[in-house]
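User: Hi! Could you walk me through this model? I'd like a quick tour before I set anything up.

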Amino acid sequence: MLAPRMHGMEKPSSGGIDPVCGMQVRADSPHRWTFEGKLYLFCNAQCLRSFRANPEKYLAPPAACATTAEGATCCGPEPADEGVQYSCPMHPEVRQHHPGSCPQCGMALEPVLPDESRENPELTDFRRRFWFTLPFTLLLAALEMSGHALHFIPALWLPWLELLLAAPVVFWGGHTLFTRCVASLASRQFNMWTLIGLGAGAAFVYSLAATFFPAAFPPAFYAMGRISVYYEAAAEIISLTLLGQILELRARASTTGAIAALLGLAPKTACRLQPDATEETIPLTQIRVGDRLRVRPGEKVPVDGVVLSGESAVDESMLTGEPLPVMKTAGDPVVGATLNTQGSLIIRADKVGADTLLAQIVQQVVEARRSKAPLQRLADVVAGYFVVGVVAIGLATFFAWGFFGAERGWVLGLINGVSVLIIACPCVLGLATPMSVLIATGRGAKHGILFRDAAAIESLAQVDTLVIDKTGTLTEGKPQLTAILPSAGRDSSELLRLAALGNAALLSAHGLALGDLSVQAEGHRRAGASVLFLAIDGQPAGALVVADPLKPTTQEALQALRHAGVRILMATGDATTTAQAVGAELGLTEIHGDATPADKQSLVERLRAEGRVVAMAGDGINDAPALAQAHVGIAMGDGTDVAIRSAQITLVKGDLRGLAQAHTLARETVANMRQNLAFALGYNALGIPLAAGVLAPFTGWTLSPMIAAAAMSLSCVSLIANALRLKAKG
């Protein structure tokens with residue numbers, strides 16, 4: 001028999017995945033147990049107890065999906081990265097390879113990559129249940145409002161008639177709601193469904209008792225000759241909750257448009273050339289590295305690769321934003337999802353599947369939209385105590401009205417207690433920042449701005465200082481020959497024909513005096529160019545002037561950042577004279593030339609020590625240390641892989657205007673997050689006391705459960721609508 005042993009130093013198995021519910025678990029989780037020599041981590045004590053009771057149940061290979069007692073639909077642990085992944089909108093750490101409900105909040109898990117080929121099954125289910133049961137709810141509401149006028153119906157029959165109408169709504173329409181409520185109680189992960197289930201269930205169970213055992217109730221529970229029942233309240237709560245969920249799911253679906261648009265850029269098939277020169281049409285998933293593919297006019301390039309033969313103009317606007325097609329000939333690289341406009345190309349597949357640029361962009365957007373912002377920590381802390389507090393307030397409301405209320409105090413206590421449970425909405429706390437992040441990451445991707453995670457958005461919004469590299473960031477990164485300076489008696493064409501790379505130090509080392517050539521060269525250096533000196537037959541022959549032109553959008557981008565109050569410094573490995581010339585052209589006054597990678601990193605450290613929130617923008621390997629040291633690292637998409645991996649934000653188009661757009665978007669997003677958090681906290685702070693009847697002694701105001709349910713449903717919809725304003729801005 002195996003005895004459990006606790007060890008603190010063992011490495012967790014399952015890669016930090018809770019084997020019961022499938023959630024990601026931190027390495028320092030206190031819920032841990034060793035079984036057969038392997039340490040397993042759990043997200044909560046209930047999952048640990050379930051595992052200890054029957055480990056084989058959760059470690060056996062999945063035969064069919066089943067719902068655990070904890071409310072998590074679990075097929076056992078599955079290999080990572082196989083098939084479709086599902087995640088929770090409110091708790092992105094919850095991931096599994098099959099549909100189900102989130103063990104924390106009870107929301108249905110959604111595919112990480114949206115599938116627009118079919119409608120959200122949860123939306124379809126809720127819509128069917130809502131429309132089928134709505135007539136029963138409307139009849140109940142009409143019967144309750146005019147029951148006293150229906151003299152032809154005996155008073156003793158009315159409760160039974162209302163039960164007959166309410167039963168389909170409660171037992172079928174509310175099935176999902178009550179299932180999630182029971183699951184949350186079993187797992188002790190209290191959430192919105194806990195409150196809805198308790199509220200609607202309390203109204204229905206009380207009404208059942210009043211219908212079957214009316215004599216057990218005191219006279220205070222009677223009105224106009226019959227006992228008060230609240231079947232219509234239970235039905236209205238369920239119908240309004242279903243309606244709210246339908247509106248919320250439809251609104252959430254609109255936030256996946258950016259991902260769907262990115263996924264839609266890639267073609268579905270490709271034309272592969274066989275060794276015998278025959279052609280076959282294959283799905284994109286069957287392309288392998290090294291395959292030869294034909295791209296006809298009007299077709300999209302299927303994967304990243306290189307042109308083997310042919311010549312054509314390729315529209316790369318989806319990547320670079322440039323409207324003019326780029327000519328491609330043998331040896332030129334091509335990117336998947338770009339459009340071949342004219343001729344026919346034969347390309348070799350170099351990167352396929354998840355390695356293509358488009359796939360990496362999609363993956364980065366997906367990961368960013370599923371991450372949590374630091375602002376969410378406040379909401380998480382509040383939500384952790386929220387449901388327990390609301391239940392306590394609901395019970396206090398019931399007993400306070402019962403003991404201190406008027407003649408019908410217990411009845412009012414029941415109504416107000418149910419209203420408290422129903423109006424409280426932890427959902428708005430959970431969705432406050434994720435909805436803003438979803439939309440911001442999608443909007444950023446539309447403009448070629450990739451955020452690594454939500455923290456990058458929040459950090460960028462606070463940036464007040466930008467350290468920026470020159471070559472490849474401010475400039476094109478492609479030096480051009482701009483002038484030839486021949487010595488006396490030399491011809492420019494001769495110099496160009498005989499040119500080899502060299503500098504003043506090299507010629508001086510050979511004892512060659514530059515004379516007037518040095519003066520001419522210095523003038524070009526001061527204008528931001530580099531100068532290469534030539535010597536022929538032991539004599540100075542002239543110089544070549546090479547300049548790296550500024551990107552045409554650099555000036556506009558820096559102006560926008562200055563207008564936003566950002567301090568800008570240039571740090572470059574180029575000569576100080578050249579750096580100062582470029583800085584002067586751009587209106588920059590803080591220039592750091594001849595900067596090594598360590599110098600750039602030290603500069604960022606010094607600025608951080610001064611209390612500055614620093615962003616670093618660069619594109620080369622030499623920028624990687626500074627990118628990692630900054631609060632926010634920003635890499636040019638046309639730069640090196642090392643720089644991109646070291647950065648929190650990537651500008652796919654390599655256009656600095658994207659940085660200005662990202663800064664504006666980040667500020668708008670953080671403002672939207674704060675608005676949503678304020679709304680969530682304010683809504684509950686006002687709604688719960690009002691539902692409890694705190695104002696009743698002064699104003700007579702109370703809220704019926706129906707109004708509370710409507711307010712709860714509309715609160716989530718209102719929060720999402722506010723987040724969608726980010727999308728409307730472009």
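**A tour of the model**

Analyst: Happy to. The protein has 26 helices and 28 strands in its secondary structure. Keep in mind that this is a predicted model.

User: Thanks. What percentage of the 730 residues is buried?

Analyst: Buried residues account for 50% of the 730.

User: And of the contacts between residues at least 6 apart in sequence, what share joins residues at least 24 apart?

Analyst: That share is 66%.

User: Let's talk cores. Which residues touch the most other members in the largest nonpolar core?

Analyst: Those are L460, I634 and I649, in a core of 111 residues. Helix α24, residues 657-692, supplies the largest share of this core, with 13 residues. There is also a second, separate core of 14 residues, and L293, V303, A349 and V352 are among them.

User: Nice. Switching to helix packing: how do α4 and α6 sit against each other?

Analyst: The axes of α4 (residues 158-173) and α6 (residues 192-212) come within 11 Å and cross at roughly 150 degrees. An angle over 145 degrees counts as roughly antiparallel, so α4 is roughly antiparallel to α6.

User: Left-handed or right-handed crossing?

Analyst: The crossing of α4 and α6 is left-handed.

User: Which residues meet there?

Analyst: From α4 you have P159, W160, L163, A166, V170 and F171, and they meet F204, L208, T211 and F212 of α6. By class, nine residues in this contact are nonpolar, one is polar and none is charged.

User: Now a glutamate I was curious about. Where is E232, and what does E232 touch?

Analyst: E232 lies in helix α7, residues 231-253. Setting aside residues up to four places away in sequence, E232 touches L140, E144 and E162.

User: Is E232 buried or exposed?

Analyst: Buried. The relative accessible area of E232 is 11%, and the cut-off for buried is under 20%.

User: How about G417, where is that one?

Analyst: G417 is in helix α12, residues 409-423. G417 is buried too, with a relative accessible area of 6%. Apart from neighbours within four places in sequence, G417 is in contact with G394 and T397.

User: What C-alpha separation do you get for G417 and I393?

Analyst: Their C-alpha atoms are separated by 7.9 Å, and the two residues are 24 apart along the chain.

User: Last topic, backbone checks. What is phi for A337?

Analyst: Phi of A337 is near 80 degrees, a positive value in a residue other than glycine. For context, most residues other than glycine have a negative phi. A337 is in the loop between β16 (333-334) and β17 (339-340). At 5% relative accessibility, A337 counts as buried.

User: And D594, what is its phi and where does D594 lie?

Analyst: D594 also has a positive phi, near 50 degrees. D594 lies in the loop between β25 (591-592) and α21 (597-609). With 48% relative accessibility, D594 counts as partly exposed.

User: Great, that's what I was after. Thanks!

Definitions and conventions
Residues are numbered from 1 along each chain as its sequence is written. This is a predicted model: local features need pLDDT of at least 70, side-chain atom pairs count only at pLDDT 80 or more; totals for chains, interfaces and linings use all residues. Side-chain values use heavy atoms; hydrogens and water are left out. A nonpolar core is a set of buried Ala, Val, Leu, Ile, Met, Phe, Trp, Tyr and Cys residues joined through side-chain atoms within 4.5 Å. Buried means under 20% relative accessible area, exposed over 50%, partly exposed in between (1.4 Å probe, protein chains only). Helices (H or I, at least four residues) and strands (E, at least two) are DSSP runs, numbered from the N terminus. Axes are lines fitted to C-alpha atoms, for helices over the stretch in contact, and angles run from 0 to 180 degrees between N-to-C directions. Angles under 35 degrees count as roughly parallel, over 145 as roughly antiparallel, 65 to 115 as roughly perpendicular and the rest as oblique. A crossing is left-handed if the near helix is turned anticlockwise from the far one by less than a right angle, and right-handed if clockwise. Contact means heavy atoms within 4.5 Å. Ala, Val, Leu, Ile, Met, Phe, Trp, Tyr, Cys and Pro count as nonpolar, Asp, Glu, Lys and Arg as charged, and the others, Gly among them, as polar.
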